[in-house]
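Let's take a friendly walk through one part of a protein fold. Have the structure open and follow along.

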Amino acid sequence: MHLRGAARLARSYNHNSIMPNRKTAAILVIGDEILKGTTVDTNSNFLCKRLHALGVNVRKIAVVGDEVEEIAKEVSELSRRNDVVISTGGVGPTHDDKTYIGLARAFHDELTLSAEIRESINRFLPTYEAKRDKERKNSNAKFEETDSESTLSVAVEKLSMIPRSAELLWGRHPTKGDVSNFPVVRIRNVVAFPGVPKFCERAFDMLQDQLFPPQERPRFYAETFFTDLDEFEFSKKLTALAAKFEGSSVQIGSYPVVKNMYFKAKLIVECEDTEKLGEVTAEIKEMLKDHIIYYDDCAWIDSPNKLKAFKEREKVSDAEFVSRLEEAEKITEKILEEYSLDQIALSFNGGKDCTVLLHLLRAKVDEKYGPNVPIQGFHIMVEDQFPEATQFIIDSALRYNITVLEFPGPLQTGLQLLKNQRPRVVAVFMGSRASDPKGKYMKSPVEWTDKNWPQLLRVCPILQWSYNDVWQALRGLCVPYCVLYDQGYTSLGGRDNTRKNEKLRVTATDGRDFFLPAYKLADEAFERTNRSSI
């Protein structure tokens, strides 16, 4: 579950905290195209993440256009107030690339031609010219050779003009050790990176250890909490907690998040002192109590260990559910012992039941064979399927490394086609439950199909699970599920026979009707009342 489109509004509760060992930094983004909105700045986001991971405290991001005086003014101010300033953009060969001019003016310097830069450009010019000539040969346009050479000469000179007191930083590839082909310019505490994101990121990767040596990086510790409470419900207590640690190295940030399936706010605590961090986190746990969410946006990674941790948490409050979960695990493990993976397939239509089963099977396959081993799957299609369900199947196949074949229905026909295409398949995992219209006819979780059906072993590990069990597992493990369930659908079929569940309809104070998510259904007897064909 990724937070694409989710709003994040940061609120810091310890703006006066002191972390004396951390360097401070500012980022200066240069370019008219940023201010006009024609280009999206991704460099500052990349740099903030990387600098924060290195223990650097980013204090400001500024954006200026291609005006020399503005660049010079901002550089001078940021340089004076921070240990490091990183600029991006404005270091190209055209008339509007004015970063070096601005840097020179900020430090009362002048531009001079760098022989090293010109030499590095000359090294790759033959490759550039060969590529250019090839493109021209394949083009119908006409080019004046003398104008082209003159333009190239001017561009090389423009790129080579840097402040006289500047130094050149040659990076090294972090794993291969190769020296960079082109240097980055630094003058005093200001480092000028290119504006093209690919080049900016590559240059930072190669210069990271040079700019911020590992032995000089401060140690600081962090803890993140997710809660289903709104900020309004704990802001008073959190403000008091922050005041208690004001003046120390503790930083507490609160971030409301909109449109997330699991939590409403995220709290991040950072500190240079592990003892202090322990004090703060203990008080936050007490403050949030039963409203802490164990959020995981990559539930399918390291799933065996996460499943064990989930069971330990649930045992405290619901040992009976854990018992049913462990029984489902045993059934799955037994089938994996008796049959090879090419003899096993999972029926996956994107519904909640087969989704929780997919996660369980992935965990057990990872446990037995290791991660990244593919799982066989199939989908027996229904007419007029929801496009959201189709997309969810595609997304799940990528996350869980499951190859999903599609077959037309009904079920008996689809299973025969499965046997025809994958004749070695014997055991078919299904998300059937005893409360299903057809699940009630199963006498045990593992049964052979009827004689007039393709001979397959039906494996239904969650046969005795309730509706609430399914949601307890999905949400407790943060397993991604189809978005339709958050729109009021409790059971999924085709669009022509499935509607939102009226038991989830709520009328707001303004008279507007909306539907609660599926996991809010109070009486699971109404799970399938939104389906007209069952």
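## Helices across the sheet

Helix 13 (residues 387-400) lies across strand 15 (375-381) and strand 16, and runs at about 150° to strand 16. Helix 14 (residues 411-421) lies across strand 15, strand 16 and strand 17, at about 125° to strand 16. Helices (H or I, at least four residues) and strands (E, at least two) are DSSP runs numbered from the N terminus. Axes are lines fitted to C-alpha atoms, for helices over the stretch in contact (heavy atoms within 4.5 Å), and angles run from 0 to 180 degrees between N-to-C directions.

This is a predicted model: local features need pLDDT of at least 70, side-chain atom pairs count only at pLDDT 80 or more, and totals for chains, interfaces and linings use all residues. Residues are numbered from 1 along each chain as its sequence is written, and side-chain values use heavy atoms, leaving out hydrogens and water.

## The sheet itself

In what order do the six strands sit in the open sheet? The order is 16-15-14-17-19-18, with mixed pairing (two strands pair if DSSP finds at least two bridges between them). Strand 16 (402-408) and strand 18 (446-448) are the edge strands, each pairing on one side only.

Strand 14 (residues 344-347) and strand 17 (residues 427-429) run parallel, joined by three bridges. Ile344 of this region stands opposite Ala427 in strand 17.

## Around Phe429

Which residues does Phe429 touch, leaving aside those up to four places away in sequence? They are Thr332, Ile335, Ile344, Ala345, Leu346, Ser347, Leu357, Leu361, Val459 and Pro461.
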